[in-house]
Structure formats: C-alpha cells, structure tokens
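This report describes selected local features of a protein chain, in the order of annotated positions, charged pairs and a pocket. Please consult the sequence and structure shown here.

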Amino acid sequence: MTEQTCPSPQTATLRHDWTREEAEALLALPFPELIFRAQLAHRQFFDPTKVQISTLLSIKSGGCPEDCAYCPQSAHHDKRMEAEKLMPLERVIADAKRSKEAGAGRFCMGAAWRAPKDRDLDAVCRMVEEVKALGLETCLTVGMLTPSQSARLKEAGLDYYNHNLDTSEDFYGKIITTRTYQERLDTLANVRDAGIKICCGGIIGMGEDTQDRAGLLTTLANLPTHPESVPINLLVKVEGTPLADEDTVDPITFARVIATARIMMPASHVRLAAGRENMSESTHALCFLAGANSIFWGEKLLTTPNPAQNRDTELLAMLGMSPTMQTSATA
C-alpha cells in the first residue's frame, strides 16, 4: 500500500473520481487507522451522537418476477412468498402515523414489482401525498422507473427513491439475471433528473470478495451526486433462497465497509440496514464508530426481521446517542 493508492485523511471532500484501487486500499488499512479516518470524515458533516431514524413498510409483497438470489419475494425460488395485492391506503396511513409517533422522521414504502404500471403508480402517488401530509419525509422503492414516472412521483411530493445496486458490476450477474446493472443505473438517473433524492447502497455477504465491495463503493461514490442515503445491508440468509447457506461476514469486515463508505461519501447518511436482528450490541456500536448514522426502526424490513424499537432505544441510550429527524448533513 502506498500514499498514492490510499488518500490522505486530512480533509473529507466530496469526490467523484475514486478508483477501485483507492477503495481497496482503504478497506485494507489497519483497523484503528481506518476507524480514525472515518471518524474524521463523519465529524466534518454530522454530529456523531445523532442517528437518523426511518421506518419501512412493505405495501405489496411476494410474486416478484425478478430472480434476486437473496430475496424470498422472488417467484423464481423453491420457497417463495405468495403474491399479495397492494395494501389499502388506510392501512398505509395508519402505519405511517404510528411510525411518526414512535419518532421516525422518514417513512419508506416498498412494493415487489419489477417496474410499476402507470395504474399502479396512481395509488402509490396517493400514498406519497397522504404520508407527506403527516409531516414525514417519504421514500419509495417499487422497481425500475421511467422519466415520466419519476416526474409523477416528484409531483406527488416524493423525497427519496431507493434503488440499490446490491453489489459490484462484475459480481452482479451471479446474483441477478433478470435486470441489468445498467438498468439500475438508468433508474437512478431518471430519479435524480426528476429532482428526487437517492437512497442507494448494497448487500454484504453474498459471496463477493473485497474487490467487489470496493467496486460497489466506487460506483456509488462516482455517481454525479452521492446518494443522500447509503444503506449497507448484511445479508439475511432466508431458507429457500440460493444464498441461504452463504458464510457469515464477521463484524470487523462489515465495519470496514461502513467506514470506507463514510470516507468516500462523507456527507451521506450511511444506513445500517438489513441484518441488524442478528447483530450484538457491540457490533452495532462498532458500526456507529465506523460512521453509520441511520437505522430503520420497526420489527420487520419488508419481509425480514429487524430489532424491536425498544431494543434500539435502549442501545442508543447505552451509547449516549439519540435519534434525530434531521436528514441533511451539516457542513
């Protein structure tokens, strides 16, 4: 490792010209040095004692035509969820109200579609409008979007759109074959051009190597604007999916990815997302030290378990941290 391959820790800047070699060098730093650099970057843009809180609701589960190897909602797998209809508006609003009362600042809605039909979008836009009227930020993930669909969602008041890249372009074909990497990038461009903020990250533990993790982070950091939210998911191994027997990623390796994401995208919220149900208090604390500053509250993330809210409340109190509805970085 040389000074040329590992960037200086002195000042966190919003770069869009990262190389994979630089990302690999960061991931390989001695752990104390990596955490130190991540802390420097974090404190330039955020209060390190604050954690942004979101909640996530599946408004339409099961029957997805995609073949994502990690997802129990895929219709391609031996064990799969039965397709459900779109959730009624009243149930969505009731859930959003409970989320706000519990302290969430952002309400995220997800539907298991490859791409929504325009008639589907009518109902979804109404949900966005009604949730927005409650004083919550809105986030949505419903698959691929066209420019006109993105514009409709912006008009409805959508704040964020989630569309993860999942992994590096090189490894992507081993996880998903029904949608190309470029199609994911195209949706991100459509959403960004419509003026909607982006929530985009990936999943760790699907059998990828360090080079793939570096490739994912480099692609994210070199987007025209950094995603405002970067969810880093730890694979939740679900019986009946092709990745059910993958090896578990150790906490130090996972924290390295969090820290590198923080350094490369210092003004973004780095979200500790799926996989928290099986993380110890110590692993959570390590990830917060590495630069994570956003979590989901609620007992389920779409279809997989998530820690109960009281557990998170107790954890944050133990660490002297507190939830915040603030969603933008402070320089």
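R271 is buried, with a relative accessible area of 1%; the term buried means under 20% relative accessible area, exposed means over 50%, and partly exposed lies in between (1.4 Å probe, protein chains only). The model is predicted, so local features need pLDDT of at least 70 and side-chain atom pairs count only at pLDDT 80 or more, while totals for chains, interfaces and linings use all residues. Residues are numbered from 1 along each chain as its sequence is written, and side-chain values use heavy atoms, with hydrogens and water left out.

**Annotated positions**

R271 belongs to strand 8 (residues 269–272); helices (H or I, at least four residues) and strands (E, at least two) are DSSP runs, numbered from the N terminus. Leaving aside residues up to four places away in sequence, R271 touches Q52, S54, R106, C199, S229, V230, P231, I232, S294, I295 and F296, where contact means heavy atoms within 4.5 Å.

An unreviewed UniProt entry places the feature "binding site" at C108, C139, C199 and R271. These four positions are spread over 164 residues of sequence, yet they cluster in space, with a largest C-alpha distance of 13.9 Å. UniProt positions are given in the numbering used here, feature names are shortened, and annotations may be inferred rather than shown by experiment.

Another of the annotated residues, C139, is part of strand 3 (residues 137–141). C139 is buried, at a relative accessible area of 2%. Not counting residues up to four places away in sequence, the contacts of C139 are R106, F107, C108, M109, L158, Y160 and N162.

I198 is found in strand 5 (residues 197–199) and counts as buried at 3% relative accessibility. Its C-alpha lies 4.9 Å from that of P227, although I198 and P227 are 29 residues apart in sequence. With residues up to four places away in sequence left out, I198 touches Y160, Y161, L188, V191, R192, P227, E228 and S229.

**Salt bridges**

Side chains of opposite charge can pair when their charged atoms come close. The structure holds 15 salt bridges, a salt bridge being a side-chain nitrogen of Lys or Arg within 4 Å of a carboxyl oxygen of Asp or Glu. Three of these pairs are listed below.

| D170 | R20 | 3.3 Å |

The salt bridge between D170 and R20 links distant parts of the chain, with D170 in helix 6 (residues 169–172) and R20 in helix 1 (residues 20–27), 150 residues apart. D170 is exposed, at 57% relative accessibility, whereas R20 is partly exposed, at 27%.

E66 lies in the loop between strand 1 (50–60) and helix 3 (89–101) and R179 in the loop between helix 6 and helix 7 (181–193), so the pair ties together parts that are 113 residues apart in sequence. E66 counts as buried at 2% relative accessibility, and R179 is buried at 6%. A network of salt bridges links E66, R114, R179 and E183.

E137 is buried at 17% relative accessibility, and R106 is buried at 0%.

**A buried helical residue**

T260 lies in helix 9 (residues 251–264) and counts as buried, at 0% relative accessibility. Residues up to four places away in sequence aside, T260 touches A23, L26, L27, L34 and L217.

**The second largest pocket**

About 250 Å³ of space lies in the second largest pocket. Of the 16 residues that line this pocket, L234, T248, V249, G275 and N278 are the closest to its centre. On a 1 Å grid over the protein atoms alone, a pocket is an open set of points where a 1.4 Å probe fits, with protein on both sides within 12 Å along at least five of seven lines; lining residues have an atom within 4 Å of a point. Grid points are joined across faces, edges and corners, and the volume is the space filled by probe spheres set on the points. The lining comprises eight nonpolar, six polar and two charged residues; Ala, Val, Leu, Ile, Met, Phe, Trp, Tyr, Cys and Pro count as nonpolar, Asp, Glu, Lys and Arg as charged, and the others, Gly among them, as polar.
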